[in-house]
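Reader: I would like to learn how to read a fold from its coordinates. Please take the features in turn, with the general idea and then the case at hand.

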Amino acid sequence: DMADAVNLLLHTEPGADAHAQAAAAEAAARNGAVRCGDAPANQPSYDGAGAVWDICPRGAATKQLSTFLTQNAHDFVHQGETVSAADDPMVDLNPIFTQKFMLVERHRQQLAAQQGLELWHFEQHRGEAVFIPGGCPHQVRNLQSCSKIAVDFVSPESMFEALGNREQLRTSDLAIEQELELNPEDRPFQEKLQSQLMLVRGVLRAAELAGAGNSTTAAAKGGAKGGAANRKGRK
């Protein structure tokens, strides 16, 4: 995602999986969730968790992940079809943008062995919020039926990542063959965040506030001098 995000898990409901139901009931009886931590995961329930996340750090780690996905695309299946650059050129150009990859434990192990990269892998229980910094590739797998609230925003710390992703989206959009008459909103790679416009408006607003602050300070100083002159005249 180009923006920062917070994902809050409000409610979970065990599905038809008997193991998940038993684990959820056990967690409820303990009146609390048990973190998996470094212990082997209790698949598929993760001790009653509602979802499990994988987040990749932004920056150099994202490039390592992209390289891994391109080199191992044949090991992934999307909608019943093997992922291939022959069918989708973006698999070679920017595989993360295709959203055709879902890593499982085997892939995480291969990623660590081939690229020396370990993703942030953790579970999310009911009542917990997950913060995803802008520019961090991520995936989430619901282990139960979940009701969530997600909020996107752009922090000053993530503006550089938003602008960088904008350039990647533009490069991707120009790299693939598309009909010229295609509406902009129908093109697969569009920067809808309008990060440049957001940045310009932020700078203008900061300049406006700074100007207002200077005017207030100057007026205060002028008032102080005027007051001193009046007192001197009265003497």
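**Reading a sheet, a helix and a core**

Author: Begin with the sheet: three strands form an open sheet in the order S6-S1-S8, paired antiparallel. This is a predicted model.

Reader: Which strands stand at the edges of the sheet?

Author: Strand S6 (129-132) and strand S8 (145-153) do; each has a single partner strand, so one side of each is left without a neighbour in the sheet. On average, and ignoring direction, neighbouring strands here are turned by 20° against each other.

Reader: How many bridges join S1 to S8?

Author: Nine bridges join strand S1 (residues 4-13) to S8, and the two run antiparallel. As one case, Asp4 has Phe153 of S8 as its bridge partner.

Reader: Is Asp4 buried or exposed?

Author: The cut-off for buried is under 20% relative accessible area. Asp4 has 1% relative accessibility, so it counts as buried. Its side chain makes a polar contact with the side chain of Ser155, at 2.9 Å.

Reader: What else is in contact with Asp4, leaving aside its neighbours within four places in sequence?

Author: The contacts of Asp4 include Phe131, Ile132, Pro133, Gly134, Val151 and Ser158. Gly134 lies 130 residues away along the chain, yet the C-alpha atoms of Asp4 and Gly134 are separated by 4.1 Å.

Reader: Now a helix. Which residues of H5 are buried?

Author: In helix H5 (residues 105-115), the buried residues are His107, Arg108 and Leu111. Viewed down the axis of H5, the buried residues fall within an arc of 100°, so they line one face of the helix. Gln109 and Ala113, on the other side of H5, are exposed.

Reader: What do the buried residues of H5 pack against?

Author: They pack against strand S2 (51-55), helix H2 (60-71) and strand S5 (120-124). After H5 comes Gly116, with a positive phi near 65°.

Reader: How should I read the nonpolar cores?

Author: In soluble globular proteins, nonpolar side chains tend to be buried together. Here the largest nonpolar core has 14 residues, and those with the most contacts inside it include Leu65, Leu69, Phe76, Leu103 and Leu111. H2 supplies the largest share of this core, four residues. A second, separate core has seven residues, among them Ala51, Ile55, Val130 and Cys136.

Reader: Which residues is Leu103 in contact with, leaving aside its neighbours within four places in sequence?

Author: Leu103 is in contact with Leu65, Phe68, Leu69, Phe76, Arg108, Leu111, Leu119 and Gln139. Of these, Arg108 and Leu111 are among the buried residues of H5.

Definitions and conventions:
Residues numbered from 1 in each chain as written. Predicted model: local features only at pLDDT ≥ 70, side-chain atom pairs only at ≥ 80, totals over all residues. Heavy atoms only, no water. Pairing = 2+ DSSP bridges. Axes fitted to C-alpha atoms, helices over the stretch in contact; angles between N-to-C directions. Buried < 20%, exposed > 50% of the residue type's maximum accessible area, 1.4 Å probe, protein only. Arc of directions from axis to C-beta. Contact = heavy atoms within 4.5 Å. Core = buried A, V, L, I, M, F, W, Y, C linked by side-chain atoms within 4.5 Å. Polar contact = N/O pair within 3.5 Å; in protein donor to acceptor, adjacent residues only side chain to side chain.
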